[in-house]
Amino acid sequence: MRSPRRVFLTIAVAVGLLAAGQSTLPAFAADPTAVGSASNGSGDGRVSITIGRPGGTAQGDVMLASIVISDDDPAFTSPAGWTLVRQDTIKDLLRQAIYVKAAGPSEPASYTWTVPSARRMAGGITTFDGIDDTHPIDAINGSANAAGTAVSSPSITTTMPNTVLVELAAVASNGSLTAPGGMIEAWEAAAPGASTRKNTQGAVASLSHALQPVAGSTGSRTASVTSAGRSIGVLLALRPTDTSPPNTTIASGPSGTTTNTFASFTFSANEQASFLCQLDGAAAEPCTSPKTYVNLSAGDHTVAVWGTDTKGNVEPVPATRSWTISPNSGDPILNAAGDIAYCGNDNDEATARLLDNMPGTIVTLGDAAYTDGTLSEFRNCYDPTWGRHKARTTPALGNHEYQTTGASGYFNYFGAAAGDPGLGYYDYRLGAWHVIVLNSNCAQIGGCGAGSPQEQWLRNVLATSEAECTIAVFHHPRFSSGTSHGSNTAMGAFWQALYDYGADVILNGHEHFYERFGMQKPDGTADAVFGLRQITVGTGGRSNYNFGTPIANSDVRGRPFGVLKMILHDTSYGWEFTPVAGQTFTDFGSSSCHGAPGTPPTLPPPPPPPPPPGEGIVPVGSISDESSVSRSTITLGRPAGTAEGQVLVASIATNADATIVPSNSGWTVVRNDLLTGAVRQAVYVRVVRSTDPSAYQWTIPEGTRRITGGMTAYANVDTANPVNAVGATMNASGTSAASPSISTTVANTMLVQVVAVNAEGSLTPPAGMTEAWEAGSPNTGSTRDVLASSSYAVQAATGATGSRIATSTLPGQSIGVLMALRPAA
């Protein structure tokens, strides 16, 4: 039942509509009503005007006030809480100011406006309920009129139906006002003039109102005055309180039957709104468009979306969409993440719980057990979590596995599933797909460059593959937007081989985040037809790394913990990233497999076998150690395959202004160079004896520093005089790490370059040389970084070797040493 306070405007509107020729009364969206009015007028000069609060005003009602003086100066000072909506003047005759206020819980009995000097003043207040108290004014306009009896207010354009149209008239006149046709006058107040004053004319003002049932142009309104005068007419529309709920529409999302186990929906409402989403009758949760669900089970599904507008109106019936996921057609699934288990947190348990509900093969993308990949760490940290899925896991090696000599903890734990312990790379078929697991720890397996044993093996398995689609898995990403490691150019030869033979996807770890790249060539340029898609998934649980500026073709980035699922169809694939409970980052999509960009290159011949002793120097194996932790010692295990009588070349690099001391006797220092304030590099040689330990250690007497290094074992070196020539160059800051030319005195020396750079990033060996190892000790946010590497090549002729230049991805000061090992007689 309509309350008595609403009757006044309802009757007024009915009268107005009948006068306008309308026979039906439109419904109000929020039933706005004029509650009451109050006014005040006086012909006396005064410095203030007080108007009582209209009777019946309640909290949430909207009060509209008009104050008029019989001059254009001075301006008004309004009471607290009133907002000036519009102010108009006619020089020397008239000023009208219009204010609005939403009534609070405790309003005063009256309101006072003041001016600095006495003037004749009049004004009034009308209270309306059913008005939007946060945005009460929908439209407003006004005009000053020439002298006459017509007080015109210009047309306005409303944006919604059922606004309350209010006309406010002010005239420099001693007459009285009549409301515009179809409108009801709520109040009228006068401040009459007197012949004894300079301004003999007074002022009269009024407020009239009517319902505006439709949105759009209102047309002008004209009041009339009995005594002609200059006038100001203002027309405004009060916006009704919104009680209509929003209407939500789901614009896109799956329907019918699909094999995808992810679903993404976009939706919107016909007005500003917040949303709740519900899947299959579960508890509704706040959501935004698009809303994505991943790892869904086969069967029927329904999503429902409700909107709530800014006024709290809740949609009574949600928008819904239903679809069906067909049972898995038998396409294999590969679940992947790297950088996984650490006994110091429970993140790997959270990602392992995801695997509990993710059928299919699992691949670890390196660094499965922290910190050193020992067998104890695999048993105590990895085995209780991801280890419960060991029977379906095909692992890949990371750099932390090699913190233990020969990655023995990794190979002992995974057994035959990890491949040949001397190689760490292998391949297998999974449905229609060829899965290739590579070892990106180049120093430990004879290099990763073109012509290296592993690169030759990769090209052979690609050339003989009969699979429609190929996915490669290895630890170090060729491309990265991360600040901890960045792009690794040493992976370039792997990329080139995979691209040449039409491989489709590469999965990496190493960077502790998620980054998906668009399809691209080995040089990083986009190739939407034949390009490789790299996805870095270092999200297994160890920790999170930061991003820098995104590099080219980086499409999606995030720092979650979770698992990537690859759905391997016969000629295409889909991917879905599932975050751990409580995290929201997701990524999903699909793509077709493709062929090679052209005729694959002729398969190169296999590398020749190493020469027998006495016929040339050959590298036997390498090992390195890197850590982002400041420390006082570094330990290097003897490279696998090292035998008595071979020669070890070791390089240790650390922060500047520290000394490096070998803890084991038997090392000969070849160079010990310092760039003050940047980096120190010490280079040693050693002849292996039967009494040698299995590992060697160096210390820093001054305390902890960033320290890194590596060593390579060489066979067929003159053990009495292993070094034929050596030289070093101290390089200014830049990306070129140069070593000077040296002069050899015998043929077929082994030229060895070792460099140390005060920078993060990665290194590319000099042209014509093979990188044996590379290691870094980054210090994020500081310049105390160390990056080092060693590369080698045979120097057939005697004489000047020419300089050698390695290239770093980030600039820094560097030390470059070039040394020639003398072959055995």
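Rings of Phe, Tyr and Trp (its six-membered ring) are taken to pair if their centres lie within 6.5 Å, with planes under 30 degrees apart counted as stacked, over 60 as edge-to-face and the rest as tilted. The model is predicted, so local features need pLDDT of at least 70 and side-chain atom pairs count only at pLDDT 80 or more, whereas totals for chains, interfaces and linings use all residues. Residues are numbered from 1 along each chain as its sequence is written, and side-chain values use heavy atoms, with hydrogens and water left out.

The structure contains 30 aromatic pairs. In one of them, Tyr413 and Phe414, the ring centres are 4.9 Å apart and the planes stand at 85°, so the pair is edge-to-face. Tyr413 is buried (under 20% relative accessible area, with exposed over 50% and partly exposed in between; 1.4 Å probe, protein chains only), at a relative accessible area of 6%. Phe414 is likewise buried, at 6%.

Lys390 is placed over the face of Tyr413, 3.9 Å from the ring centre, and the charged end of Arg542 sits over the ring of Tyr370, at 5.3 Å from its centre.

Helix H6 (residues 492-500) is largely enclosed by the rest of the structure, because seven of its nine residues are buried. Helices (H or I, at least four residues) and strands (E, at least two) are DSSP runs numbered from the N terminus.

Key
Lys NZ or Arg CZ within 6 Å of the ring centre and 35° of its normal.
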